[in-house]
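These are my notebook entries on one structure, written down in the order in which I looked things up. The sequence and the model come first, and the entries follow.

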Amino acid sequence: MTTRHGREVHIPVPVRSCESCRDMLMREPANGVLKTSGTLLLWAGIVSMVLFYYVTGALCLSPGIGLQRVALNQQTQYQRRLKDLLGNIPFYRRVFDKYPDAVVEVQ
């Protein structure tokens, strides 16, 4: 069953895979803590800057931006690994060629 949400189309597709590939599919980066910590540091830095605590703000903003970038990088690498793995199947290769920004979700 295809579900439409705005312009996004979600198509559930069963994927058969060997055990090592299945481990790779399910090994999503645990970057929720990184994102949350980065967001808290960013907000602390912004509030500090607004309250004229520039040194404290800079000390919070810098690692906050770094944590956000690390989390984004991990998610990007995970998507690349999934697309490389699924790209070995001709059907998925055509889908990824047509929709290069497609996001693969494993449930």
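Which residues are buried in α3? I found G57, C60, G64, A71, Y78, Q79, L82, K83, L85 and L86, where buried means under 20% relative accessible area, exposed over 50% and partly exposed in between, with a 1.4 Å probe and protein chains only.

Before going on I noted the basis: this is a predicted model, in which local features need pLDDT of at least 70 and side-chain atom pairs count only at pLDDT 80 or more, while totals for chains, interfaces and linings use all residues. Residues are numbered from 1 along each chain as its sequence is written, and side-chain values use heavy atoms, with hydrogens and water left out.

**Entry: overall layout**

I looked up the secondary structure and found 4 helices and 2 strands, running β-β-α-α-α-α from the N terminus on; helices (H or I, at least four residues) and strands (E, at least two) are DSSP runs, numbered from the N terminus. Of the 107 residues of the chain, 19% count as buried. The exposed surface comes to about 8500 Å², of which carbon and sulfur atoms supply 61%, the areas being computed by the Shrake-Rupley method with a 1.4 Å probe, with only the protein chains shown counting as cover for residues. For contacts (heavy atoms within 4.5 Å) with a separation of 6 or more, I noted that residues 24 or more positions apart account for 50%.

Helix α3 covers residues 54–86, which is 33 residues, and reaches 48 Å from its first C-alpha to its last, close to the 48 Å expected at 1.5 Å a residue; the expected span is 1.5 Å times one less than the number of residues.

I then asked which residues make up the largest nonpolar core. The 6 residues are Y78, L82, L86, Y92, F96 and V104, a nonpolar core being a set of buried Ala, Val, Leu, Ile, Met, Phe, Trp, Tyr and Cys residues joined through side-chain atoms within 4.5 Å. Both α3 and α4 supply at least two residues each to this core, and α3 gives the most, with 3 residues.

**Entry: Q79 in α3**

Q79 lies in helix α3 and counts as buried at 12% relative accessibility. Leaving aside neighbours within four places in sequence, I found Q79 in contact with A102, V103 and V104. A polar atom of the Q79 side chain lies 2.8 Å from the backbone oxygen of V104.

**Entry: aromatic pairs**

I counted 3 aromatic pairs, under the rule that rings of Phe, Tyr and Trp (its six-membered ring) pair if their centres lie within 6.5 Å, with planes under 30 degrees apart taken as stacked, over 60 as edge-to-face and the rest as tilted. One of them joins F91 and Y92, which are edge-to-face at 5.4 Å centre to centre, with 70° between the planes. F91 is partly exposed, with a relative accessible area of 46%, whereas Y92 is buried at 11%. Y92 also pairs with F96, this time stacked, at 6.5 Å centre to centre and 25° between the planes.

Why are Y92 and F96 separated by about one helical turn? I put this down to their positions, because they are 4 residues apart in helix α4 (residues 90–98). As a general point, an α-helix has 3.6 residues a turn, so residues three or four places apart point the same way. F96 is buried, with a relative accessible area of 13%, and F91, Y92 and F96 form one aromatic cluster. Beyond neighbours within four places in sequence, F96 is in contact with K83, L86, G87, A102 and V104.

S37 has its place in helix α2 (residues 32–50) and is partly exposed at 28% relative accessibility. I noted that the C-alpha atoms of S37 and L67 are separated by 7.3 Å, although these residues are 30 residues apart along the chain.

Last, I looked at F52, which is found in the loop between α2 and α3 and is exposed, with a relative accessible area of 60%. The phi of F52 is near 70°, a positive value in a residue other than glycine.

How values were computed. Polar contact = N/O pair within 3.5 Å; in protein donor to acceptor, adjacent residues only side chain to side chain.
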